[in-house]
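Visitor: I'd like a quick tour of this one, please. Could you start with any term I'll need?

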There are 2 protein chains.
Amino acid sequence: MIVELVSVGTELLLGNIVNTNAQFLAEQCALLGLSVYHQVVVGDNEGRLAEVLRMALGRSDVVILGGGLGPTEDDLTKEVCAKVMGLELVEDPHTRKRIEEYLKGGIFKEIPDNNWKQAMIPEGAIVLDNDNGTAPGLIMEKDGKRVILLPGPPKELCPMFLNQVSPYLKKLQPDVIRSQMVKICGMGESQVEDKLLDVIDRQTNPTIATYAKTGEVHLRITARAADEEEAKRLIKPVVKEIRNRFGDFVYSVREDETLEMAVVKLLLKYGLTVTTAESCTGGLLAGRIINVPGASEVFREGFITYSNKAKRKYLEVSKSTLKKYGAVSGQTAREMAAGGVFAADCDACVAVTGIAGPDGATEEKPVGLVYIATYMKKKITVEKYQFKGNREKVREQAVVKALDLLRRSILENYR
Amino acid sequence: MIVELVSVGTELLLGNIVNTNAQFLAEQCALLGLSVYHQVVVGDNEGRLAEVLRMALGRSDVVILGGGLGPTEDDLTKEVCAKVMGLELVEDPHTRKRIEEYLKGGIFKEIPDNNWKQAMIPEGAIVLDNDNGTAPGLIMEKDGKRVILLPGPPKELCPMFLNQVSPYLKKLQPDVIRSQMVKICGMGESQVEDKLLDVIDRQTNPTIATYAKTGEVHLRITARAADEEEAKRLIKPVVKEIRNRFGDFVYSVREDETLEMAVVKLLLKYGLTVTTAESCTGGLLAGRIINVPGASEVFREGFITYSNKAKRKYLEVSKSTLKKYGAVSGQTAREMAAGGVFAADCDACVAVTGIAGPDGATEEKPVGLVYIATYMKKKITVEKYQFKGNREKVREQAVVKALDLLRRSILENYR
């Protein structure tokens, strides 16, 4: 069953707001096993809206429109849809009564006339009551096609979809769709696909989709099946195969688990405390670790040592190291990591020093050069990176690589 | 001139991500005085993409496509566009060299073969260099129509549009559209609109649009005129009026100046050094200050004191304060701020302590309770906030308020 999503609103065309409705509806349709091939945004314009609807009806079974059901003259989604479907508008006494109840005692002494426009519905349409506004939703059925109209504000659209439209669509679609995430760190997207090309090519159900994030690649394995059990049975061997191929590059198989969560989980598992010693990332690394609820169990204090003086004062990086190798060097990163463990009296430290740019680069040390080091069990690991992009991008990539190095160091030293 | 926006990507159709690119591009087109009547999302599917492009070319002068330029087999935006436009793909040596340079020294020992696909360009196309990835952007011109291809990741698409596409489109459009930003911190969007209602209603050219950001409101004043001079002349009195009404709530009138930039500029102006003492924000505040190029002039070290012990050890918060008032209290925030100045031997400190949640709340201290303090010239200012939202949102809002308190404290003490 093919669904098309049409968002109606000039504010979307002008870029005043982000189209979160489309994302919500698309996600919900995917969960219901419905295919969405097109999403369209069009303004409150009769001709263009009618054309978009006709086209959508031609290529899709269900068209879901959001927006343009308000009480003003601009709002014409319902009128245009009724016209295209060849349905008359008639007043719905039930809806009229609901509007009256919703508005009375509100900001209006008398209900403005234009609100009654919202009580007019296309003949034979299913009315979806709106608990969070005055515009009802509508479902029109004709010639095997279905047109569903929803109010535009997300606080009205989302609950109406979940409570009334989703059960309606479920009946049209017997299959269940389930998906499972595999998250990989330390490899680029094309490298991951290279390693997985035969598996991706072989699969039709489940399918494998790859998503590139900063420093990470996420794989989504999606199965369509008659029931939950069957879907799980289809997904399991594919996940197993991926884990076999990528080993420790896989940091999580949970949709809602971030890299920093995986790191904190490992620290908790081995009963370790960690600190951070940051120069160019200047607190962002600690900030991500502390974003994990309960991070206080593993993280107590961190160092932002942006100046050389601070590196010496808090982390006891030696004057001669700074002089001989410079602040951005493997040697300084090593001493920062070791110094962090001693200063914070904890089990592990991850240190970052680099040139985020745009200033501070030299011939030998270009913008994007970053050294990351971990210290634990008296062992130091140092990695050197050359990142691309602007200051923000360099720092963001450095944070991801630092989290990943910490993760890999824990596995190496404690597993 | 009519522009159509086409976003290509299965992850959009599945609702895995929100289409922020469409919002960004729509907003930019509006700024350039270009009309957007349709936005479309379509998957990485040859037939459907070709159909969408043909339709867009039929009803628009310029089609901007985002996404599907990656190195994998799935990515076929460029191939389909070239086919529809009737252009051959040829290898571009310049782009091949750039890809090589971008990828060498990175995670690859050898550059995977599929990356070279990105060096193929439609004959005669204008190549837009990508400083933040390997996929170049492309502009194709044929029969009075223009097709512009941009890489999907926002960090690649946005700078490429701003630096290369926007100047190109500007030339196609004779009227000049100029806009000026006024950035406000410390007031909500509806409060700002209330205070400005008569001005907004009165204006048609320039227009005033408001945008709500976390803890900030941005006003964009946009004028359409025959030339730059005239546009500036239209904008100037409106900006003056807004500045009169909002005073120090206005932190910048520059598009590219962030709140942290405004703060660093003030610190530089008065020759001050600052440090940070963070509990719940755990480095994010320092991270934002250090995101300003040249921050090393004003920021040398920062404290992440997540545990009570760390607050005592580095900031000399007294044991009795922590016992009597707790870590999340105005008193602790005061002592953190004062302690930071002494420990880092600098001029000013901004301190944050709060309950980011989801754990750690009590009846008297709910999730979202945050105290922020500044210390400078031996004077302490403390503010108490009750933020809404999840852990991430609470921390993000705390960072913005901390930057703003620091800004206001500098103005109060040094201006």
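This is a predicted model: local features need pLDDT of at least 70, side-chain atom pairs count only at pLDDT 80 or more; totals for chains, interfaces and linings use all residues.

Visitor: Which helix gives the most to the lining of the second largest pocket?
Guide: This pocket holds about 600 Å³ of space, and among the residues closest to its centre are Leu14(A) and Ala30(B). Elements from chain A and chain B each supply at least two residues of the lining, including α1 of chain A and β2 of chain B. The top contributor gives five residues, and that's α2(B).

Visitor: Over in chain A, is α2(A) largely enclosed or open?
Guide: Helix α2 of chain A covers residues 20–31, 12 residues in total. A residue is buried if its relative accessible area is under 20%, and Phe24(A) and Leu25(A) are among the buried ones. Nine of the 12 are buried, so α2(A) is largely enclosed.

Visitor: And Thr204(A), is that buried or exposed?
Guide: Thr204(A) sits in the loop between α7 and β10 of chain A. To count as exposed, a residue needs a relative accessible area over 50%. Thr204(A) has 66%, so it's exposed.

Terms used: Residues are numbered from 1 along each chain as its sequence is written. Chains are lettered from A and ligands numbered from 1 in the order in which they are written. Side-chain values use heavy atoms; hydrogens and water are left out. On a 1 Å grid over the protein atoms alone, a cavity is a set of points where a 1.4 Å probe fits but cannot get out, and a pocket is an open set with protein on both sides within 12 Å along at least five of seven lines; lining residues have an atom within 4 Å of a point. Grid points are joined across faces, edges and corners, and a volume is the space filled by probe spheres set on the points. Helices (H or I, at least four residues) and strands (E, at least two) are DSSP runs, numbered from the N terminus. Buried means under 20% relative accessible area, exposed over 50%, partly exposed in between (1.4 Å probe, protein chains only). The expected span of a helix is 1.5 Å times one less than its number of residues.
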